[in-house]
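Please look at the sequence and the model shown below before reading on. The paragraphs that follow lead from the whole chain to particular residues.

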Amino acid sequence: MSTFRADLKKGKIAEKEALRLMQKEYRYTEAYIREGYCKGFDIVIPELGWTLEVKLDLLYKTYGNLFIENTCNKRPSGIETTTADIWWIFYDEDDLSKIKKIRTKTLREMIKNNNYTNKSGGEPNNVTTGYTIPIGEFK
């Protein structure tokens, strides 16, 4: 089983890749990672006036669905608390070109309009729940 710290380290790698793509591929050279703890988003894109939430789904290969967190330790988190305009979900830690990109508003509408399973996960002292969404639902 993975640990929170190891997962966090992998998530930071995904954030750096998202920033690299924003700056090099999309040419938003002013984009930057918000340093320190920021519950609402990870990356600021000043040229667009947008913020980006970056997620790395480490269990996609095992279960075949993307996990969208909505609580942590019985408190709202993830999709419930994000202030990001868009989400990038990396779903293969060995191939960071595999990304699903979606506007937060669209993701919330998907969850509202469908009956996705809400599952528990995490570690004993860090219980999370989230929606499991088939990857094919992300266009």
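Helices (H or I, at least four residues) and strands (E, at least two) are DSSP runs, numbered from the N terminus. The structure is a predicted model, in which local features need pLDDT of at least 70 and side-chain atom pairs count only at pLDDT 80 or more, while totals for chains, interfaces and linings use all residues. Residues are numbered from 1 along each chain as its sequence is written, and side-chain values use heavy atoms, with hydrogens and water left out.

The protein chain contains three helices and nine strands. Their order along the sequence is α-β-β-β-α-β-β-β-β-α-β-β. The protein chain has a radius of gyration of 14 Å, close to the 14 Å of the globule rule for 139 residues, so it is as compact as a globular protein of that length. Here the radius of gyration is taken over C-alpha atoms, and the globule rule is 2.2 Å times the number of residues to the power 0.38. The C-alpha trace spans about 40 × 35 × 30 Å along its principal axes.

The next topic is the surface and the interior. A residue is called buried under 20% relative accessible area, exposed over 50%, and partly exposed in between (1.4 Å probe, protein chains only). By this criterion, 40% of the 139 residues of the protein chain are buried. The accessible surface of the protein chain is about 8,700 Å², and 49% of it belongs to carbon and sulfur atoms. Such areas come from the Shrake-Rupley method with a 1.4 Å probe, and for residues only the protein chains shown count as cover.

Contacts describe how parts of the chain meet; the word means heavy atoms within 4.5 Å. Among the contacts in the protein chain with a separation of 6 or more, 54% are between residues 24 or more positions apart.

T132 is buried, at a relative accessible area of 14%. Not counting residues up to four places away in sequence, T132 touches N65, L66, F67, Y116, T117 and K119.

A second example is K55, which lies in strand β3 (residues 50-56). Its relative accessible area of 26% makes K55 partly exposed. With neighbours within four places in sequence left aside, K55 is in contact with W87, W88, I89 and F90. The C-alpha atoms of K55 and K100 are 9.8 Å apart in space, although these residues are 45 residues apart in sequence.

How many aromatic pairs does a search of the whole structure find? The search finds two. Rings of Phe, Tyr and Trp (its six-membered ring) pair if their centres lie within 6.5 Å; planes under 30 degrees apart count as stacked, over 60 as edge-to-face and the rest as tilted. Y26 is partly exposed at 38% relative accessible area, whereas W88 is buried at 3% relative accessibility.

The other pair consists of Y60 and Y91, whose ring centres are 5.0 Å apart and whose planes are at 75°, so the pair is edge-to-face. It too links distant parts of the chain, for Y60 belongs to helix α2 (residues 60-63) and Y91 to the loop between β6 and β7 (99-103), 31 residues apart. Both Y60 and Y91 are buried.

The last topic is the backbone. Most residues other than glycine have a negative phi. N73 is located in the loop between β4 (65-72) and β5 (75-76), and it is partly exposed at 30% relative accessibility. K74 is likewise not a glycine and has a positive phi of about 65°. K74 also sits in the loop between β4 and β5, and its relative accessibility of 83% makes it exposed.

P124 occupies the loop between β8 (117-123) and β9 (126-134). P124 is exposed, with 72% relative accessible area. Between the C-alpha atoms of P124 and N73 there are 9.9 Å, and along the chain these residues are 51 residues apart.
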